[in-house]
Amino acid sequence: MKSPILLVDDDPSFCQFVRIGLQEDYLITISHDLKGLFAFLEKARFDILLLDVGLGEENGIESIRNINSKYNNLDIIMVSGYKDPGKI
């Protein structure tokens with residue numbers, strides 16, 4: 001059985017890249033914003049959340065506390081397309 005992963009990123013190309021790379025071993029669900037993230041978390045269980053640092057106007061880092069308060073068994077891995085670590 002494939003482990004379920006929720007990927008939240010506002011870049012469709014990156015999402016497709018991750019899906020192609022991981023789909024053989026994982027069941028990938030994609031959301032492009034925080035609203036979708038919480039909608040998916042209400043409906044299903046995920047082993048891992050791949051969460052973008054910057055989601056357009058939204059901020060993945062600031063949402064972690066809210067996510068952890070409701071889904072404390074969810075492992076979160078932050079991802080970013082920023083080349084400059086100072087922007088994170």
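**View 1. Helix α2 buries five named residues.** In helix α2 (residues 34–43), the buried residues are L34, G36, L37, F38 and L41. Buried means under 20% relative accessible area, exposed means over 50%, and partly exposed lies in between (1.4 Å probe, protein chains only). Helices (H or I, at least four residues) and strands (E, at least two) are DSSP runs, numbered from the N terminus. The model is predicted: local features need pLDDT of at least 70, side-chain atom pairs count only at pLDDT 80 or more, and totals for chains, interfaces and linings use all residues. Residues are numbered from 1 along each chain as its sequence is written, and side-chain values use heavy atoms, with hydrogens and water left out.

**View 2. D33 reaches to the start of α2.** A side-chain oxygen of D33 comes to within 3.4 Å of the backbone nitrogen of K35. A polar contact is a pair of N or O atoms within 3.5 Å; within protein, one must be able to donate a hydrogen and the other to accept it, and residues adjacent in sequence count only if both atoms are side-chain atoms.

**View 3. K70 sits over the ring of F38.** The charged end of K70 is 5.6 Å from the centre of that F38 ring. A charge sits over a ring if NZ of Lys or CZ of Arg is within 6 Å of the ring centre and within 35 degrees of the ring normal.

**View 4. Helix α3 has a buried face.** In helix α3 (residues 60–70), G60, S63 and I67 are buried. Seen down the axis of α3, these residues fall within an arc of 55 degrees, so they line one face of the helix. The arc is that of the directions from the helix axis to the C-beta atoms. E62, R65 and S69 are exposed on the other side of α3. G60 has 0% relative accessibility, so G60 counts as buried. G60 and L34 are 26 residues apart in sequence, yet 7.9 Å apart in space, C-alpha to C-alpha.

View 5. Five of the six residues of β1 (residues 3–8) are buried, so the strand is largely enclosed by the rest of the structure. Two strands pair if DSSP finds at least two bridges between them. β1 and β2 (residues 26–31) run parallel, joined by six bridges. Here V8 stands opposite S31, and L6 stands opposite T29. β1 and β3 (residues 48–52) also pair in the parallel sense, over four bridges. There L6 stands opposite L49.

**View 6. Helix α1 belongs to a β-α-β unit.** β1, α1 (residues 12–22) and β2 make a right-handed unit. A crossover is right-handed if, with the strands pointing away from the viewer, the path from the first strand over the helix to the second runs clockwise. L22 lies in α1. At 27% relative accessibility, L22 counts as partly exposed.
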